[in-house]
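Colleague: I'd like to learn how to read a structure like this. Could you take me through a few features?

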Amino acid sequence: MVQKYQSPIRVYKHPFELVMVAYEKRFPTCPQIPVFLGSEVLRESRSADGAVHVVERSCRLRVEAPRLLCKIAGVEHVVFVQRNVLNWKERTLFIEAHNETFASRVVVKENCSYRVHPENEDWTCFEQSASLDIRSFFGFESALEKIAMRQYTANVKRGKEVIEHYLNELISQGTSHIPRWTPALAREEDAPSQAGQREPDSLEVCGPSSAQDLAPESVSTDGDKLDADYIERCLGHLTPRQESCLVQLRRWLQETHKGKIPKDEHILRFLRARDFHLDRAREMLCQSLSWRKQHQVDLLLETWRPPALLEEFYAGGWHYQDIDGRPLYILRLGHMDTKGLMKAVGEEVLLRHILSVNEEGQKRCEGNTKQFGRPISSWTCLVDLEGLSLRHLWRPGVKALLRMIEVVEGNYPETLGRLLIVRAPRVFPVLWTLISPFINENTRQKFLIYSGSNYQGPGGLVDYLDKDVIPDFLGGECLCNVPEGGLVPKSLYLTEEDQENEDQLWQWRETYHSASVLRGAPHEVTVEILERESVITWDFDILRGDVVFSLYHAKQASMPGPREPGARASGQLMDRGWALGANFSCVEAPLICREGESIQGSHVTRWPGIYLLQWQMHSPPAHMACSLPGVEDVLTALHSPGPRCKLLYYYEVLASEDFRGSMSSLESCTSRFSQLSAATSSSSAPSHSSSLVSR
């Protein structure tokens with residue numbers, strides 16, 4: 001594989017001619033570069049007018065590699081051939097270099113250029129690129145590649161420092177200006193008025209010039225290239241290798257990407273997320289750009305307006321900045337009814353809101369970079385978990401959270417600078433166990449977790465936030481305008497009838513189902529279980545009326561005859577000729593569910609076969625028996641006016657080993673967010689089951 005290096009543009013705030021004098025001081029030897037053992041001129045030529053000077057040198061470099069590798073290779077130094085073409089008229093220097101040592105096994109090529117800054121003729125730009133192709137090297141190809149790239153990038157940094165050293169040396173000696181090249185005829189005509197001035201080759205100097213003092217403090221280079229000073233000022237300190245990756249990825253986007261090119265700080269985040277592995281970062285960035293285009297994310301801040309319900313009950317918002325100047329986002333997760341929000345606005349609306357928060361975060365980072373005069377590319381999130389309970393851990397909500405984490409991790413990498421979690425309750429380890437495997441390792445290392453009141457005092461929030469920024473609800477003096485959240489009224493929950501279009505309806509049905517229950521016409525869902533000890537989980541809300549929930553088991557489904565009018569699309573009704581205890585059994589005793597309650601439960605199956613989840617309208621105790629209505633009863637109920645119950649439900653089948661650990665942990669925790677009571681039951685055929693009722 002060919003390894004490539006591409007430097008950003010480095011700007012010397014000195015005229016080209018003075019930089020060339022400093023450059024020539026590196027030859028034939030340069031004590032400031034220890035690996036450079038010396039050089040000799042092989043060929044040299046000049047153009048007739050003296051404007052072009054071509055020099056070809058042989059340069060010896062010491063090999064900084066393990067002694068064993070040097071011994072196997074049989075060399076202590078390597079030889080490179082360098083060809084310099086200096087054009088005084090055009091004010092350019094082009095350098096080409098290649099290796100002579102092991103040329104049949106290893107191919108190293110380097111190209112450098114010095115040229116006048118496009119917007120300031122008294123400044124000089126330097127750019128450098130190189131490639132390394134190791135074809136074979138005694139079985140040490142991988143080791144040699146790492147050594148060569150490490151040594152090369154170190155020498156790149158050292159090379160800039162050396163030029164700066166010789167420039168400072170010249171200036172300290174009184175040499176701050178070298179006259180520009182002029183044609184021979186012009187020099188003869190101007191000789192009387194320019195006595196003592198000769199062509200640059202003579203290296204004769206004149207008095208100081210104030211041109212660089214009059215230059216603006218910051219001038220950009222070509223629009224499609226990066227300036228090293230800009231990188232240091234706006235993106236932060238990068239190693240030569242990291243600079244090279246940024247330059248290469250940016251150039252690749254300019255050449256291949258159709259559409260808006262991401263900002264440099266955005267590209268840099270993807271490189272950091274993939275540890276500056278260029279190919280992996282490119283793949284991740286391309287997938288993200290495609291995703292942004294598909295979902296029109298670039299327009300999100302202009303088009304997104306959160307629903308009023310979300311503004312009232314979503315307990316999150318921006319709040320000044322942390323001690324390092326990062327924007328600070330506060331999320332009062334323990335006070336937020338995540339389940340209610342999902343059922344009231346839907347998962348897609350919540351995801352859209354989370355994306356808008358991330359887009360706003362990037363915008364605020366740019367603003368803080370300008371405000372504080374230093375690179376700020378990430379923000380801090382303060383999460384208050386007071387009130388976190390079982391209500392936050394219902395399975396559809398956790399699945400939605402994992403999806404949001406996946407989207408954010410894939411499209412907003414390295415945007416979280418620090419996550420401060422305070423007042424973590426006993427139930428938090430369960431949530432952490434569920435979500436931590438889906439969070440990148442680099443991101444997990446930025447988490448700081450405080451339980452109880454440990455966030456107060458030294459080592460707590462005061463280490464990361466100024467005292468006048470700590471919010472009042474955490475004992476600070478700063479008034480925080482983040483909404484307090486609270487329970488979302490069930491009357492605001494969406495049903496299928498509330499969806500505005502087919503896409504929303506499809507997204508809704510991916511998670512929830514709504515159903516109406518009539519007297520004598522229960523709503524039923526059939527589930528086929530192929531292996532024993534599978535786990536059936538359910539979660540449902542009673543929106544209107546009172547219902548009775550039951551779970552039945554049958555070894556086989558009834559014969560599918562012609563579909564009767566009114567037969568449920570969610571599952572077939574049991575054969576009305578079947579008898580309880582003979583053809584089917586009740587494995588969950590009937591549970592009365594009142595209007596406004598939320599029910600969560602699970603059942604570990606003992607046998608394979610058909611299981612039926614049933615919701616029927618609550619009747620007086622005399623009529624509550626484990627029995628199934630016949631088809632005629634259903635048809636009569638459907639065509640007869642009467643009261644109707646409504647519910648929203650979700651169910652899923654899991655492998656037992658994926659669920660039991662979480663349930664045992666959940667059952668050991670208590671909730672302060674809502675009133676919870678456990679309702680467990682057993683039948684003549686005992687099984688592991690439980691239901692949680694939340695009002």
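This is a predicted model: local features need pLDDT of at least 70, side-chain atom pairs count only at pLDDT 80 or more; totals for chains, interfaces and linings use all residues.

Colleague: Which residues lie nearest the centre of the largest cavity?

Modeller: Those are L61, F80, V108, Y152 and N155, out of 48 residues in the lining. The elements that give two or more residues to that lining are β4 (52-62), α2 (67-73), β5 (77-87), β6 (92-99), β7, β8 (120-134) and α3 (141-172). Of these, α3 gives the most, with 10 residues.

Colleague: And how does the lining of the largest cavity divide into nonpolar, polar and charged?

Modeller: You get 35 nonpolar, 8 polar and 5 charged residues.

Colleague: Which element gives the most to the lining of the largest pocket?

Modeller: That's α14, with 9 residues. By class, the pocket lining has 34 nonpolar, 8 polar and 4 charged residues. If you look at domains, at least three lining residues come from each of domain 2 (226-294) and domain 3 (296-488).

Colleague: Now the aromatic rings. How many aromatic pairs are there?

Modeller: In general, a pair of aromatic rings is described by the distance of the centres and the angle of the planes. This model has 17 aromatic pairs. Take Y12 and Y114: their ring centres are 6.5 Å apart and their planes sit at 25°, so this pair is stacked. Y12 belongs to strand β2 (residues 10-12) and Y114 to strand β7 (residues 106-117), so the pair ties together parts 102 residues apart in sequence.

Colleague: Are Y12 and Y114 buried or exposed?

Modeller: Y12 counts as buried because its relative accessibility is 1%, and Y114 is buried too, at 2%. For contrast, look at F540 and W615: the centres are 5.5 Å apart and the planes are at 85°, so that pair is edge-to-face.

Colleague: Which residues do ring pairs link into a cluster?

Modeller: The cluster is made up of Y12, Y23, F27, F36, Y114 and F126.

Colleague: Let's finish with single residues. Where does H523 lie?

Modeller: H523 lies in strand β15 (residues 523-529). It is buried, because its relative accessible area is 8%, under the 20% cut-off. The side chain of H523 makes a polar contact of 2.9 Å with that of Y649.

Colleague: And where is I470 found?

Modeller: I470 is in the loop between β13 (447-451) and α17 (502-511). With 9% relative accessibility, I470 counts as buried. The C-alpha atoms of I470 and H319 are 9.3 Å apart, although the two residues are 151 apart in sequence.

Notes
Residues are numbered from 1 along each chain as its sequence is written. Side-chain values use heavy atoms; hydrogens and water are left out. Helices (H or I, at least four residues) and strands (E, at least two) are DSSP runs, numbered from the N terminus. Buried means under 20% relative accessible area, exposed over 50%, partly exposed in between (1.4 Å probe, protein chains only). A polar contact is a pair of N or O atoms within 3.5 Å; within protein, one must be able to donate a hydrogen and the other to accept it, and residues adjacent in sequence count only if both atoms are side-chain atoms. Ala, Val, Leu, Ile, Met, Phe, Trp, Tyr, Cys and Pro count as nonpolar, Asp, Glu, Lys and Arg as charged, and the others, Gly among them, as polar. Domain bounds come from an automatic or database domain assignment. Rings of Phe, Tyr and Trp (its six-membered ring) pair if their centres lie within 6.5 Å; planes under 30 degrees apart count as stacked, over 60 as edge-to-face and the rest as tilted. On a 1 Å grid over the protein atoms alone, a cavity is a set of points where a 1.4 Å probe fits but cannot get out, and a pocket is an open set with protein on both sides within 12 Å along at least five of seven lines; lining residues have an atom within 4 Å of a point.
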